[in-house]
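User: Please take a close look at one part of this structure: the ligand and what surrounds it. Start with the salt bridges, then move to the ligand.

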Amino acid sequence: MRFIGNKESLLDKIYLALEQKNVSGKTFFDFFSGTASVAKFFKRKGYSVTSCDFLYLSYCLQRAYIVNNSEPKFAQIIPEIAKAEKVLLESPLDIVLAYLNKLEPVSGFIYNNYSVGGTKDLKIPRMYLSDANAQKIDAIRIQIEKWKSKNLLTDDEYYILLACLIESVGLFANISGVYAAFNKKWDPRALKPFIIKPIDLVFNKSKNMAFNVDSLTLLENINTDILYLDPPYNARQYAPNYHLLETIAKYDNPVIHGITGIRGYEHQKSSFCNKKTALQDLDRIASSAKYKYLILSYSSEGIMSEKDIKSVLSKYGNVEVVRLKYPRYNSHINKKNTKKQYVSELLYILKT
Ligand SMILES: C[S@@+](CC[C@H](N)C(=O)[O-])C[C@H]1O[C@@H](n2cnc3c(N)ncnc32)[C@H](O)[C@@H]1O
């Protein structure tokens with residue numbers, strides 16, 4: 001999934017660095033989970049994982065990838081759907097997605113606010129999604145909620161379907177990386193007919209948990225072997241950059257405003273987007289949580305300097321820094337300047 005700071009491409013390097021520094025354990029806490037890619041990786045490695053993020057779209061991904069620990073059966077809806085489908089698909093998830101992909105289009109909140117047809121009366125119509133794709137997304141999202149309200153889905157099944165939808169929308173959105181703006185011309189990707197695709201589920205033998213709150217509110221209750229921190233590293237807040245995915249995930253008819261139809265995000269502002277409060281809260285985390293190892297992933301271009309981070313963390317134990325080369329996030333690449341396509345990701349390893 002395209003998400004600022006997604007660590008997917010760095011996971012092997014991070015794991016290797018931790019192995020080399022003898023960092024290991026049984027429990028892993030992903031404090032700023034985002035796409036849940038790090039939590040998923042450590043779940044696969046057999047850790048009992050807990051994850052948290054204040055974005056609800058992230059919570060849906062965490063519930064599907066981290067908390068769910070079995071193949072969904074969709075026992076309450078498959079009998080009806082299978083009749084309608086008259087097909088023998090491989091898995092229950094495939095059968096449900098095939099059904100969702102054939103729904104009649106609906107002009108709902110997403111069509112009315114984020115497609116050109118639905119916003120044609122605005123001074124600048126919103127070009128986030130083609131009319132047909134927005135109507136398909138509405139139809140799918142409404143159907144998932146209908147099943148849920150009739151108690152035909154388990155919680156795990158509900159979040160798996162939402163995660164499939166969230167992951168799929170990005171493949172058809174007319175944006176260059178984030179949802180803070182839409183493209184003024186159609187990207188060919190956005191003109192392809194929308195389909196909801198399956199996600200790859202991950203299972204392990206441990207109990208895993210997810211939270212959808214400000215992670216700092218959990219501090220007093222954290223007791224983990226590895227506490228992994230991957231906070232925002234500059235002034236850009238996440239909520240406005242992913243507002244459309246958040247609204248599709250919540251489907252709560254929010255009040256929206258401005259050219260991009262952004263929803264409010266008062267309760268989703270990160271203290272890590274400001275240098276002073278970032279350092280204060282890094283200190284709070286390091287002092288209040290219980291852990292054997294605190295690992296901070298942080299860009300060399302972040303607003304907290306290496307010196308300041310070290311001086312905060314070293315109050316609590318021994319700190320080592322590993323430098324990893326990291327491809328710069330796509331939407332920032334200055335294509336003419338090849339030197340700038342890589343930045344360093346610093347891995348701060350605090351051992352207590
Ligand atoms: C750099 S991203 C994490 C990326 C993630 N490691 C991945 O691989 O996808 C930072 C995340 O922290 C979340 N965040 C920032 N401040 C937070 C807070 N105080 N509580 C919970 N989540 C927060 C943001 O919503 C965002 O998803």
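Analyst: The whole structure holds 15 salt bridges (a side-chain nitrogen of Lys or Arg within 4 Å of a carboxyl oxygen of Asp or Glu). One of them pairs Asp-230 with Lys-7, with the closest N and O atoms 3.1 Å apart. Asp-230 sits in the loop between strand E4 (223–229) and helix H10 (238–241), and Lys-7 in the segment before helix H1 (11–20), so the pair ties together parts 223 residues apart in sequence. Helices (H or I, at least four residues) and strands (E, at least two) are DSSP runs, numbered from the N terminus.

This is a predicted model: local features need pLDDT of at least 70, side-chain atom pairs need 80 or more, and totals for chains, interfaces and linings use all residues. Residues are numbered from 1 along each chain as its sequence is written, and side-chain values use heavy atoms, without hydrogens or water.

Now the ligand. It is surrounded by 22 residues (a heavy atom within 4 Å). Lys-7 and Asp-230 are among the closest, with Thr-35, Asp-53 and Ser-270. The shell has ten nonpolar, eight polar and four charged residues.

Polar contacts are N or O pairs within 3.5 Å. A polar side-chain atom of Asp-53 lies 2.6 Å from a ligand oxygen. A ligand nitrogen is 3.0 Å from a side-chain N or O atom of Asp-214.

Notes:
Polar contact = N/O pair within 3.5 Å; in protein donor to acceptor, adjacent residues only side chain to side chain. Nonpolar A, V, L, I, M, F, W, Y, C, P; charged D, E, K, R; others polar.
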